[in-house]
Amino acid sequence: MTQTSASASRAISPADGPVAVTGASGYIGSWIVLDLVEQGYAVRSCVRDASRADKVDHLLALNDAGLRGRTTLHEGDIFDAGSYDAAFDGCSTVIHAGAAVGYNRETPQQVYDGCFTEVQHVLDSARKSGTLKRFVFTSSFAAVGHPRPEGYVFTEKDWCGDNVDGYRGAWTEANIPKNRDIAYAMAKARTEKMLYAAAEEDGSFDAMAILPLHVIGPLMCANHDQGWSWQNCIRYMLMGKPYKKSRGGRMLWNNVDVRDTARAHRLCAESTVAKNGSRYILSASDRSGELFTWELQARLKELFPSIAEVGGEEMADDKPAQKTYDSPRSYCLLAQQELGLDTYSIDETLKATGDSYFRLGLLPAS
């Protein structure tokens, strides 16, 4: 059997058994669980602490929503070898969405270890299951982007370690414990390559990755309002506050809906086209989803006219105070072509983001 035909035979359906999702209580992880349950899967939702109602009640509520599938809670910790063994037993697919991204005050070294070093524990448990067909990893566009001229369009052929000279000496092992962004990018890229090599050597399962860029969209619970996350920045803009993650608020937002990001993970596991080593950028579907901060601010004003003031970047006479560097440009074309992903429009995504904040009481009623 050729590699292509072997990969096609590993495409899964609900009939192949449970699917395990790590980081299931997180923003992306929760939507992955919901999407799978909607499609009739038995989902093993893996969390660090199943007793945290603020983190898991929205997952348990899915079982009372009249959906085709069901989910159960299982505890596991990426830093604890063997802790996923029971949860992964008999699973056809493991979707590893759990990670340390730095929103909870992790050090750069903890981010690196949580995104690379300790992933071996997750893979070891997945291989012990004896039934593994697909291992889908939530990577990041950080594993793709590297210093390039303005307007350069990144694709899945790019890796963050390309063009090392453009980092001006910052792309070094010594900087891992000092620089969160380099630690995160190196970790995600190295994990992808480690997983692809392990699956190639094993020969019985495929490893593949989803690489999201600026993920926004509706929140399922208040805990998804993680400080400095992209959705959290949208909330503060809707509160009339300036965007502060970049100098002067200047940034090119390359947006993807959290629901599209989640759906892509399942489509990857079900695909007869995807194979070991397949990676899919999840970013804007076209240029309408790429907005400079001032454009994003204007769009939010249109979508939420009852809000008196929407924050954003520094402006002068209703124009941007300074020019924004035109990057990163990238599109989820491969996910659309190979996985059949049908995406939300940017207006649908922005409206759903704001509406969820109002619904959860995290924005004052206008």
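Helices here are DSSP runs (H or I, at least four residues), strands are DSSP runs (E, at least two), and both are numbered from the N terminus. The model is predicted, so local features need pLDDT of at least 70 and side-chain atom pairs count only at pLDDT 80 or more, while totals for chains, interfaces and linings use all residues. Residues are numbered from 1 along each chain as its sequence is written, and side-chain values use heavy atoms, with hydrogens and water left out.

Helix α2 (residues 27–38) packs with helix α9 (residues 258–270) at an angle of about 60°, their axes being 8 Å apart. Axes are lines fitted to C-alpha atoms, for helices over the stretch in contact, with angles from 0 to 180 degrees between N-to-C directions. The arrangement of α2 and α9 is therefore oblique; angles under 35 degrees count as roughly parallel, over 145 as roughly antiparallel, 65 to 115 as roughly perpendicular and the rest as oblique. The α2 and α9 crossing is right-handed (the near helix is turned clockwise from the far one by less than a right angle).

On the α2 side, the contact (heavy atoms within 4.5 Å) is made by Tyr27, Ile28, Trp31, Ile32, Asp35 and Leu36, and on the α9 side by Val258, Arg259, Thr261, Ala262, Arg263, His265 and Arg266. This contact of α2 with α9 has 7 nonpolar, 2 polar and 4 charged residues. Ala, Val, Leu, Ile, Met, Phe, Trp, Tyr, Cys and Pro count as nonpolar, Asp, Glu, Lys and Arg as charged, and the others, Gly among them, as polar.

## Helix packing: α6 and α7

The axes of helix α6 (residues 119–128) and helix α7 (residues 180–202) cross at roughly 25° and come within 11 Å, which means that α6 is roughly parallel to α7. Their crossing is right-handed.

From α6, Val119, Gln120, Leu123 and Arg127 make the contact with Thr191, Met194, Leu195, Ala198 and Asp202 of α7. By class, these residues of α6 and α7 divide into 5 nonpolar, 2 polar and 2 charged.

## Backbone features in loops

Ser327 and Pro328 are joined by a cis peptide bond, with omega about 10°. Pro328 is placed in the loop between β13 (319–320) and β14 (329–330).

Although Arg168 is not a glycine, its phi is positive, about 55°. Arg168 lies in the loop between β6 (153–154) and α7.
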